[in-house]
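Please look over the sequence and the model shown here before reading the report.

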Amino acid sequence: MDFETELASTRVELDSTRQELARLRAGLSAGLSPEQSARLQGSTPEELAADARTLASELGVSTVRQPSGSGADVGSAHGSMGAGEARYRAKHADGQRFVHSAYTVESA
């Protein structure tokens, strides 16, 4: 593939990604799931937001409160990986193993 073709392909991909992000932002701000947000129609952020509000209203979805960054689990011992590991070990003391893509816990 030559440079011009690759550049054109990259621009198309970038435009598609920007449109997807705009749909997600509009949908999430209206309380929609990412799957519901993917269905939004419009070419501007305003059109997408209006469509998101309409769809959310039709589905009976209430607007989701935006996280403030000061929730109970932010910066507290309850939300840390170590605290989660300790709770897992306490609950699964029979030697069970939990594997996540980046984290493994084996109870004793």
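## Basis

This is a predicted model, in which local features need pLDDT of at least 70 and side-chain atom pairs count only at pLDDT 80 or more, while totals for chains, interfaces and linings use all residues. Residues are numbered from 1 along each chain as its sequence is written, and side-chain values use heavy atoms, without hydrogens and water.

## Overall make-up

The protein has four helices and two strands, in the order α-α-α-α-β-β from the N terminus. Helices (H or I, at least four residues) and strands (E, at least two) are DSSP runs, numbered from the N terminus. Of the 108 residues, 17% are buried; buried means under 20% relative accessible area and exposed over 50%, with partly exposed in between (1.4 Å probe, protein chains only).

## Helix H3

H3 has 15 residues and spans 21 Å from first C-alpha to last, close to the 21 Å expected at 1.5 Å a residue (1.5 Å times one less than the number of residues). Its buried residues are Leu 48, Ala 49, Ala 52, Leu 55 and Ala 56. They fall within an arc of 130° seen down the axis of H3, so they line one face of the helix; the arc is taken from the directions from the helix axis to the C-beta atoms.

On the other side of H3, Glu 46, Arg 53, Ser 57 and Glu 58 are exposed. Gly 60 follows H3 and has a positive phi, near 75°.

## The core

The largest nonpolar core has eight residues: Ala 26, Ala 30, Leu 32, Leu 40, Leu 48, Ala 52, Leu 55 and Ala 56. Helix H3 (residues 45–59) gives the largest share, four residues. Such a core is a set of buried Ala, Val, Leu, Ile, Met, Phe, Trp, Tyr and Cys residues joined through side-chain atoms within 4.5 Å.

Beyond its neighbours within four places in sequence, Ala 26 is in contact with Leu 40, Leu 48, Ala 49 and Ala 52, contact meaning heavy atoms within 4.5 Å.
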